[in-house]
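Hi,

Here is the structure I promised to pass on to you.

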Amino acid sequence: MSSYSVGQVARTAGVTVRTLHHYDEIGLLSPGGRTPAGYRRYEDEDLDRLQQVLFYRELGFPLDQIADILDDRSVSPNEHLRRQRRLIGDRIRHLQELAAAVERAMEAQKMGIQLTPEEKFEVFGKDYQEGWEDEAEQRWGGTDAWKESQRRTGGYSKADWVRIKAEADALNTRLAEALAAGTAPDSEEGAALAEEHRQHITGNFYECTYAIHRGLGEMYLADPRFTATYEKIAPGLARWLRDAIVANADRREA
């Protein structure tokens, strides 16, 4: 039978000699042999127990609980292995959740949106999709407007996003009321609402020029998702808003 000195075991297991002495003192791992001079000598079964100790220690078990687990004679070695496999699976799932949380935080930082996924759904509604953020970066990530939006929104709190959402909702309500009242999109009232829409973007995200605003108006009709958003508020609103944006830009740039 092989035997090992405390120094050999420490080097092999990656622990300190002091740790092994402590384990011996508390009865967690006492070496099976001694030299004539009284020095500790570890045998193969001691190394097996040390491996078990270090495994449970890595998972955060306190030393007294590890001792209880390993000294339970009703548990077979195979049962110990099955338990360890289950604990490893739990640890892997936990680490995967942590990794996902870090990735979400990185995405939020990249997008300049300082909200958790739960807060995003709370603020922006159940129809919100995180994938929209990646798509937005792909479409506009190289523009000055995108960079300015990132810089400005990077410091926004949840309260800021709640305010911005409330302002947008109130404006959408007035847009729908104007449409229902038969207001012409190229009228004074229509132009004023379109200008308020542009100023809301400029005030909160980036300098929305009339050229950019025209492009947004066209996108509200060209992209079915944007169209659906406005159609859900009021049928025909996407086209009405596009027409109001174009009319307002024509007035201001004339």
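The protein has 13 helices and three strands, taken as DSSP runs numbered from the N terminus (helices are H or I with at least four residues, strands E with at least two). Please bear in mind that this is a predicted model, where local features need pLDDT of at least 70, side-chain atom pairs count only at pLDDT 80 or more, and totals for chains, interfaces and linings use all residues. Residues are numbered from 1 along each chain as its sequence is written, and side-chain values use heavy atoms, with hydrogens and water left out.

Of the 254 residues, 35% are buried, meaning under 20% relative accessible area (1.4 Å probe, protein chains only).

Buried residues of α9 include Trp161, Ile164, Leu171 and Leu175. After the helix comes glycine 182, with a positive phi near 80°.

Leu175 also belongs to the largest nonpolar core, which has 24 residues; Leu175, Leu216, Tyr220 and Trp240 touch the most other members. Such a core is a set of buried Ala, Val, Leu, Ile, Met, Phe, Trp, Tyr and Cys residues joined through side-chain atoms within 4.5 Å. Two or more residues each come from α9, α10 (188-204), α11 (210-222) and α13 (237-253). A second, separate core of 20 residues includes Val6, Tyr42, Phe61 and Ile66.

Best wishes

Technical notes: Buried means under 20% relative accessible area, exposed over 50%, partly exposed in between (1.4 Å probe, protein chains only).
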